[in-house]
Amino acid sequence: MVAALTMMAATSLPAGAQKVDLQIDTRGFFDNVEGDNSYRRDMTHFGLWVAPQLSVSSRNEHHSLNVGYDALVEPGTKDVFTDGKPYAYYKYDDRGLRFVFGSYPRRLMKEQMPDYFICDSIRYYRPNMTGFDFLYTGDKGYVEAFIDWIAKQDMTVREQFMVGVTAQFRSGAFQMGLDNLVYHYAITSDISRKEIDWIHDYILTHGYVGLNMNRVAWFDNVDIRTGFLLAADRDRDPSVKKWHLPIGFVADIKARWKRLSLLQTVYAGKRQQHFGVQDFGKYYWGDAIMHSPWYSHTEIGYDIVRDKNVAVSTGLQVNFTDGGMNWHQCLTVNYTIGRTLFFRK
C-alpha cells in the first residue's frame, strides 16, 4: 500500500507542487462496557486503524491534496482486515480560514462534538467524514460548518446525511457557544416500501455559557459549560404528523492536572431520542443513554505516554441513569510517523 501510494504521487505530481509528505497514522482502541443498564448492553470495542497517507502541497502549504487508506484490524474476527477504504481530500488553510473537501478524518474538526451528538463507538468505527468542512478561527473564537454525506439512496439503501454548525466566542475566561446538528434519514428508491420506510428528521441544538480557566488551584485547566439541549424529532408517518421537542439542562466540567483528566457530564429534563434505543445507529448517532430523563457520566483518564508522535491513554467511565449503571475500561493508542519524500525550494 505504501509503495503504491508513493508511485502514484511520483507519477501524478502537479507541476506547481513543492512538497510531498508520507504519514502513517495508527489508532488503537479498547473499550470494555459492563454493568446493568437498559440503554447500553455489555460489549467490547477492540481494534486498530492503520492509515498511510500521502500529502502533496504547494510552496506556501496553503493548498494540499491528501490521499490515503484506512484499514481496520479487529483481533478475534475471521478476516485480518475487517474494514477499510481509500479516502482523499483537498485542504485549503490560510490566515484563519480552512476548507476541507472530500473524504477526510473526523479528527480534523476544531473541537469534537460531545457524546450526545456523536457517541464514542461512531468515532471508533467511522473515523472519516465525507463532504466538506468550513472553519474560520479568529482571536475571539471560531465558526465551523460541515456536511457529512453518509449514504446515497438506492433500492435498498436509505439516503443519509448530517449538516452541522459549531461556534464559540471567548472573552478572557468567559465563553459561550452553540453546537447544532441536523440528521436526515430518507427513504429508499423502492416505491413499494414507501409506506413503511418513512423519512426521519432529527435536529439537536446545544447552547451553553461557561468559563475556561488555566491554573485554577492545582489544576492546569478547567473548562465549565452549562446550558440546554433541545431536540426536534419526528418520523414523517402520515398517521403521526407530530414533532417531539424534548428539552433539558446539561452541564459539562472538564479538568486537567498534569497527566490526569476528568470529565463530568449531567443531564436532567425530557427524554431525548424519542423513538428509543432500538433505533440507535439508525435514527440517532448520539449516546444511547440520552433516552434517559436524567444521567450522570463520569470519565477519569490518565496519559501513560504523551509526546510529539505517541499518545497512550487509559481511562474509566461510569454512567448512572434511571435504567441502571454501567462502566467502561478504556485504552487508546495513537502513533504517527512521517517523512518528507520530496521538497522543492
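# A tour of cavities, strands and a pocket

The structure holds two cavities of 30 Å³ or more. This is a predicted model, in which local features need pLDDT of at least 70 and side-chain atom pairs count only at pLDDT 80 or more, while totals for chains, interfaces and linings use all residues. Residues are numbered from 1 along each chain as its sequence is written, and side-chain values use heavy atoms, with hydrogens and water left out.

**Stop 1: the cavities**

Rolling a probe the size of a water molecule over the atoms shows where empty space is left. Here a 1 Å grid is laid over the protein atoms alone; a cavity is a set of points where a 1.4 Å probe fits but cannot get out, and lining residues have an atom within 4 Å of a point. Points are joined across faces, edges and corners, and the volume is the space filled by probe spheres set on them.

Select R106, M109, Q112, M113, I118, R123, M129, F146, D148, M162 and L181: they line the largest cavity. Its volume is about 60 Å³. Seven lining residues are nonpolar, one is polar and three are charged. (Ala, Val, Leu, Ile, Met, Phe, Trp, Tyr, Cys and Pro count as nonpolar; Asp, Glu, Lys and Arg as charged; the others, Gly among them, as polar.)

Now go to the second largest cavity, with about 40 Å³ of space. Its lining includes Y116, F117, M162, L181 and W285. How many of its lining residues are charged? None are; eight are nonpolar and two polar.

**Stop 2: a run of strands**

Switch to cartoon view. The chain has two helices and 16 strands. These are DSSP runs, numbered from the N terminus: helices are H or I with at least four residues, strands are E with at least two.

Select β7 (residues 141–151) and β8 (residues 160–171). They pair in the antiparallel sense over 10 bridges; two strands pair if DSSP finds at least two bridges between them. Pick G141: its bridge partner in β8 is F169.

V163 has V182 as its bridge partner in β9. The hairpin of β8 and β9 has two residues between the strands, and G172 there takes a positive phi near 65°.

**Stop 3**

Select S55, in strand β2 (residues 43–57). Is S55 buried or exposed? S55 counts as buried because its relative accessibility is 14%; buried means under 20% relative accessible area, exposed over 50%, and partly exposed in between (1.4 Å probe, protein chains only).

Show contacts, meaning heavy atoms within 4.5 Å. Beyond its neighbours within four places in sequence, S55 contacts K19, V20, D21, L65 and N66.

S55 also lies by the second largest pocket. A pocket is an open set of grid points with protein on both sides within 12 Å along at least five of seven lines. This one has a volume of about 430 Å³. Of its 24 lining residues, D21, Q23, Q53, S55 and N66 lie nearest its centre. By class, six are nonpolar, 10 polar and eight charged.

**Stop 4: E61**

Finally, select E61, in the loop between β2 and β3. E61 counts as partly exposed because its relative accessibility is 45%. Leaving out residues up to four places away in sequence, E61 touches K19 and D93. E61 and K19 are 42 residues apart in sequence, yet 8.2 Å apart in space, C-alpha to C-alpha.
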